[in-house]
Structure formats: structure tokens, C-alpha cells
Amino acid sequence: MGNASENRSSTKNTVSNTIMFLLLTLVIVTAVSYAWFSINDRTNLNTMRMDITTGRTMRIDVDAHDDFELYVNVLQFETIAARIHRDRGVDITRVPIEPVTTADGRNFTFEDGKPASADNGTYLDFTLHFRAMGDMYVHLTSTSTPNTNNGTRIWSNSNPDLQKAMRMSFEMPDGRIFTYDPGETDISGITDGNMLFFLPKDTDIPVQVRIWIEGTDPECNNRLKGLDYSVQMRFEGSDENNNPLT
């Protein structure tokens with residue numbers, strides 16, 4: 001009798017545990033789906049602004065040049081938008097980005113698995129060209145220069161949680177990809193963790209930049225509806241010991 005009672009009790013516990021597991025699984029699936037379905041109901045992000053800055057010994061541009069002096073220390077949104085329009089045929093001042101997802105920071109899909117294209121403005125994809133007066137290691141950093149607020153960040157004045165749902169990736173010429181997740185990636189200071197690539201003296205190095213809203217992120221929901229958003233990137237050069245080059 002004791003064994004039978006224990007077996008029934010064990011069976012009840014197993015059934016209860018199974019039901020709880022299934023309910024928990026349903027809650028998780030529902031939560032993940034909510035992020036996609038809610039934002040995909042045409043609740044896309046609206047207009048954006050972007051600024052990209054570098055240290056004094058390194059410069060950037062959207063084109064490659066033969067002369068260091070033709071590169072600049074600051075790239076503003078208008079220049080980047082014009083280049084995207086020329087290369088992709090899309091006006092990012094009018095077409096809002098949409099939620100997508102990616103496993104590698106290079107290939108993007110919608111919720112249903114269909115490929116997403118930057119040519120439609122679904123996400124942003126453009127090339128930055130780097131050049132420097134001396135050998136250096138290039139870092140993406142959230143640290144601002146003195147008396148400024150120009151460090152790397154993504155924000156919206158309407159909803160501070162926006163940054164958690166957005167991502168940036170940087171693809172180097174050798175195929176390596178560095179992905180910046182504002183909610184997870186620490187890019188403060190100049191460290192091994194935010195080093196992107198080695199930039200030889202007087203050499204143009206192209207880096208592919210992609211910016212998107214991650215549809216699977218829990219923050220990708222109706223609270224982002226119609227928001228304007230801003231993107232800043234700051235790149236600093238260092239020696240091999242992470243000492244900044246000024």
C-alpha cells in the first residue's frame with residue numbers, strides 16, 4: 001500500500017511539474033512573441049539624428065581618399081544620409097527602420113524568417129573609412145572628451161529604454177564583427193573589450209556599420225511607437241597598451 005501511495009504521489013508531482021513547465025514555457029513564448037507582434041503593427045521608429053567623432057590623430061569619411069587632410073573628425077547625419085541615399089536608394093530621413101533580427105550582425109531577417117534588406121531602409125548599412133597619421137588601435141568608446149557629451153550612445157528623449165532594443169555592428173575588412181548592445185556591452189574607456197581593429201599609418205581602412213532595432217528584445221514593444229531617436233559614435237586611437245593617442 002505504501003508503494004502504491006508513494007507512486008500516486010510521485011505521479012501527481014510529475015504531472016504538476018509538467019503543467020508548471022508548460023505554463024512557464026507558454027509565458028516565455030508569449031513574452032518573446034509580444035515584442036515582435038506589437039512593434040510590427042506599423043509602430044516603427046520615426047526620424048533620427050547621428051553624429052560620429054574621432055580623436056585628433058584619426059579621421060573618417062564615407063569615401064576613401066588619397067590625402068589624410070580630406071578626411072574629417074566629425075561626420076554628421078546629413079552626410080551619412082546622403083551617402084545611404086546614393087548607395088541604397090532609400091531616404092532614411094523619411095523611411096523609419098523596422099524590427100529585425102540577426103545571428104551574426106551581417107544577415108538580417110524579419111519575424112517570419114524572410115530576409116530583410118537595407119535597400120528598403122529596414123535597417124541602416126553604410127561604410128566608414130578610417131585613416132590616421134600613425135599606427136594605432138581603434139576603439140569604440142562611450143567616454144566623452146572633456147566638456148562634451150560626444151561618447152557613443154543611442155537614446156530617445158521620449159523613452160530612455162529605447163537604447164536597450166537597438167544594436168550596432170561593425171564589420172572589419174577581415175570579416176570580424178563587433179556588435180554593440182547598449183544594454184550588455186561595456187565600452188567605457190579604452191580597453192581590449194572595445195578594440196575594433198588595427199589601423200596602420202596613412203592607410204584607408206573601410207568598416208561596414210549596421211544599425212537596427214532588435215525585434216526579439218523585450219523592449220521592442222508599443223512604448224517605442226513613433227519615437228525619434230539619436231545615435232552617437234566615438235572612436236579613439238590607442239597604442240598596443242591601450243594608452244590613448246592625442
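## Asn159 and its neighbours

Leaving aside residues up to four places away in sequence, Asn159 touches Arg223, Leu224 and Leu227. Keep in mind as you look around that this is a predicted model.

Is Asn159 buried or exposed? Its relative accessibility is 7%, and since buried means under 20%, Asn159 counts as buried. The side chain of Asn159 also reaches the backbone nitrogen of Asp161, at 2.9 Å.

## The chain as a whole

Now step back and look at the whole protein chain. Its secondary structure comes to 3 helices and 13 strands. Of the 246 residues in the chain, 44% are buried. Among the contacts with a separation of 6 or more, 75% are between residues 24 or more positions apart.

How confident is the predictor? The mean pLDDT of the protein chain is 83, and 80% of the residues reach 70 or more.

## Strand E7 and its two partners

Find strand E7, made of residues 136–140, where 4 of the 5 residues are buried. Which strands pair with E7? One is strand E11 (residues 195–199), which runs antiparallel to E7 and is joined to it by 4 bridges. The other pairing is with strand E13 (residues 229–238), also in the antiparallel sense and over 4 bridges.

You can pick out a residue pair for each partner. Val138 has Phe197 as its bridge partner in E11, while Leu140 has Phe235 as its bridge partner in E13.

## Ile187, a buried loop residue

Ile187 is found in the loop between strand E10 (177–180) and E11. With a relative accessibility of 2%, against a cut-off of under 20%, Ile187 counts as buried.

Helix H2 covers residues 77–88, which makes 12 residues. From its first C-alpha to its last it reaches 16 Å, close to the 16 Å expected at 1.5 Å a residue.

Which residues of H2 are buried? They are Phe77, Ile80, Ala81, Arg83 and Ile84. These residues lie on the same side of H2, because they cover an arc of only 165 degrees around the axis. On the face of H2 turned away from the buried side you will find the exposed residues Glu78 and Arg86. After H2 comes Gly89, with a positive phi near 75 degrees.

## A last stop at Glu111

To finish, look for Glu111 in the loop between strand E5 (108–109) and strand E6 (124–132). Its relative accessible area is 32%, so Glu111 is partly exposed. In sequence, Glu111 and Thr216 are 105 residues apart, while in space they are 8.5 Å apart, C-alpha to C-alpha.

Notes. Residues are numbered from 1 along each chain as its sequence is written. Side-chain values use heavy atoms; hydrogens and water are left out. pLDDT is the predictor's confidence in each residue, from 0 to 100. Buried means under 20% relative accessible area, exposed over 50%, partly exposed in between (1.4 Å probe, protein chains only). A polar contact is a pair of N or O atoms within 3.5 Å; within protein, one must be able to donate a hydrogen and the other to accept it, and residues adjacent in sequence count only if both atoms are side-chain atoms. Contact means heavy atoms within 4.5 Å. Helices (H or I, at least four residues) and strands (E, at least two) are DSSP runs, numbered from the N terminus. Two strands pair if DSSP finds at least two bridges between them. The expected span of a helix is 1.5 Å times one less than its number of residues. The arc is that of the directions from the helix axis to the C-beta atoms.
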